[in-house]
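Student: Please take a close look at one interface between two chains in this model and describe how it is built.

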Amino acid sequence: MTVLLEVRDLHFCYPGSAEPVLRGVSLHLGAGEKVALIGSNGSGKSTLLLHCNGILRPDRGQVRVAGQVMGYEQQALRAWRRQVGLIFQYPDDQLFSASVAQDISFGPLNLGLSDSLARQRVADAAALCGVTHLLARPTHALSGGEKTRVALAGVLAMEPRILLADEALSTLDPWMRLHMLAIFERLVAQGKSILLATHDLHTVRTWAERVIVMRAGQVLADAPPAQLFSDPVLLTRTGLDAVVKGVLPPDRP
Amino acid sequence: MFTRRLSRRVCWGVLALLLLVGHRIVWAHSTDPFAAQGSAPRYMHIMEGFLPPIWALFWFIVALPFWVIGLRQITKLIADQPEMRLLLGVAGAFTFALSALKIPSVTGSSSHPTGTGLGTILFGPFVMAVLSSIVLLFQALLLAHGGLTTLGANTVSMGIAGPLVGWAIWKGLHHRAPFWLTVFLTAALANLMTYVVTAIQLALAFPDPIGGFVASFVKFGTVFAVTQIPLSISEGILTVIIMNALMSTASHELRTLGVQGA
Amino acid sequence: MSQIDRYAYTSRIRHLDPAQKTGLAALVIILCLILPRPAVGVGAVLWMGMLTVWWGGIPLPVVGRVLLAEFLFLLLAVVGVVLSFSWEPPPVGFWSLQLGPLWISTNQGSLALAGLLVSRAFGATAAMNFLALTTPFIDLVDLLRRLRVSPVLIDLMDVMYRFVFVLLDSMGRIATAQQSRLGYATRRAAWRSSGLLASRLFVDAYQRSQRMQTALASRGYYGDLRVLPLDYRHDGRVYLLTAAVVVSLLLAGSRA
């Protein structure tokens, strides 16, 4: 299996802060893989995802896409974001255009595509996410689930090979969550990879092929869910034993 | 053709009654923050179709140089820092949202601020002129308040004269008077100036048949004073409260936006 | 506030070219302003009201309510136009009333002017409301873009439009939270809560813009903005309609 995304030994500290948020994180993502990323709040998941899209630059370490080390000049960043798409937790933070069609066309137009090609991309992405009937609507006139799907369409219109989702399903109701996972299945069938940061262990167990567990800026486990949840050593190391048992460990406030 | 003499007492009684009734008609809401969504802003915009075409055109021409300079400043701001694009949009939207905020008025009911006082402190008068015009456009097309042909006139009163006075006061008093007083005067006098200029605009367009421009100005000034003077004071007070809250909770953001003294 | 906005993007003629709708409304407003007879304003109200209700599909009570939105301003301003105040008796030809030392008077000219103003204001407002209720704001901004208005301005309007609703939403939620904790129970508390609300909204707005900046960057934005042109339905019959309206208003304005 070809490795599409690879992160090697990332170290990162936010400017002005003394505590490093990422302390030597390494992981990889293969073509067509469905990987879940879990960890407590503050474990560095979001920071890691921002590195994978080139928003943040590590103090040490590198990010490789399709084997190539990613650079941070404008042209390089453009090529990077063509391949790696990122959607965030709150759709209101990602929908910035006045109308749905305009928002979805934002990415393709930034890539320098012609108007007609951009239109095609918008139509395709909208169809994939089931929001074609919303194209003419103002972005504020959508429900939460509709907004999330429009945000996803906006990223998919750029046709990335890798999709990073930072807790993008957490605000959705169970039925909308299923809907989104169905869209993810279609993407995977096209050969795309998905890295989903999530708190939802049910999704992790049923949907993910592999689980990466982070704590305090480090990767503590990287294994298929069946293995992770049955191995007592892994469970203790990651602290998931308490979650699985439903009992607060004595050392955690 | 006919005249009537009434006793002094009755006159004052009638006047008092008028003021009371006027007060009640003007502010029919309670201090309920939710009535804001959909209620009418009560500051003075000249409504659509009220100004004769010559005057409407005149005020557009007066506003034009400010728009040109403001647009040039905005274009430069965004070219230097692309993040300003969103920030300015947010500032404009914030001004609009503020005008939908319901605040208790000093007379006891509630009213809405114009929001331009705060904006001027943050962005200066020329940028504020452009942002105010867009806010006015929004108000005309989304709230049916103000007008399109009167956009020029309303911009001059609410987007230029008000902010200019506010800015002058801010610059002048900034380090020379207590902070709260500076902020209060900036916001209250900016608001008051808006109302004064509107009265001038109406008086120029509709001079009194007996007393000419001056009498007309006094007339319009008085008629609207009932709502506008308490509103100016309320907005002044509110802006002080807001600035104090911002200084304590958001001094970092204020500094990034370049507000001196933060 | 979202009322007019919602009617606009669900109206029956939403997909009609905004240039045609704006052309019609603009012509009506201009005619109301330059023709000196009240009949023009009345005609404009009737035409625009009819078109908004029957063509646009907006309910009549809504149209009426929106038309009266500036009623208070109109009332006060008309009082200012009609009445004259003086310290001496007015000249011959005026009807007047004396209150103590003050003379309040009016004359035929002022009353006629007031009548014209009221009809003209209502007529022009009806035309503006027709536009506001049947055309989504984004379409109007797009029209300005087609008219070659500065792209910086267009972009600013789009961003503001987007943010306005987000901020109003935020404001509503903060106000609810405050009210549930007695934030508006007394006048003094209401002052404090309003101030806190506005400052909280400011910080919220600022932080949103920062988060949005990240999302923008992640989709490849570097400072120049391109927008896809929207497509509309162009209906030739609208020209006939516009001509009919214009001719009827001209007739109303010219008859002695």
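Tutor: A salt bridge is a side-chain nitrogen of Lys or Arg within 4 Å of a carboxyl oxygen of Asp or Glu. Across the interface of chain C and chain B, that rule finds 1 salt bridge: D155(C) pairs with R85(B), and their closest N and O atoms are 2.3 Å apart. This is a predicted model, in which local features need pLDDT of at least 70 and side-chain atom pairs count only at pLDDT 80 or more, while totals for chains, interfaces and linings use all residues. Residues are numbered from 1 along each chain as its sequence is written, chains are lettered from A and ligands numbered from 1 in the order in which they are written, and side-chain values use heavy atoms, with hydrogens and water left out.

The contact (heavy atoms within 4.5 Å) takes 87 residues from chain C and 90 residues from chain B. Together the two chains bury about 8100 Å², with 78% of it on carbon and sulfur atoms; buried area is the accessible area (1.4 Å probe) that two parts lose on being put together, summed over both. F73(C), W191(C) and F202(C) supply 10% of the area that chain C buries against chain B, more than any other three residues.

By class, the side of chain C that touches chain B has 61 nonpolar, 21 polar and 5 charged residues. Here Ala, Val, Leu, Ile, Met, Phe, Trp, Tyr, Cys and Pro count as nonpolar, Asp, Glu, Lys and Arg as charged, and the others, Gly among them, as polar.
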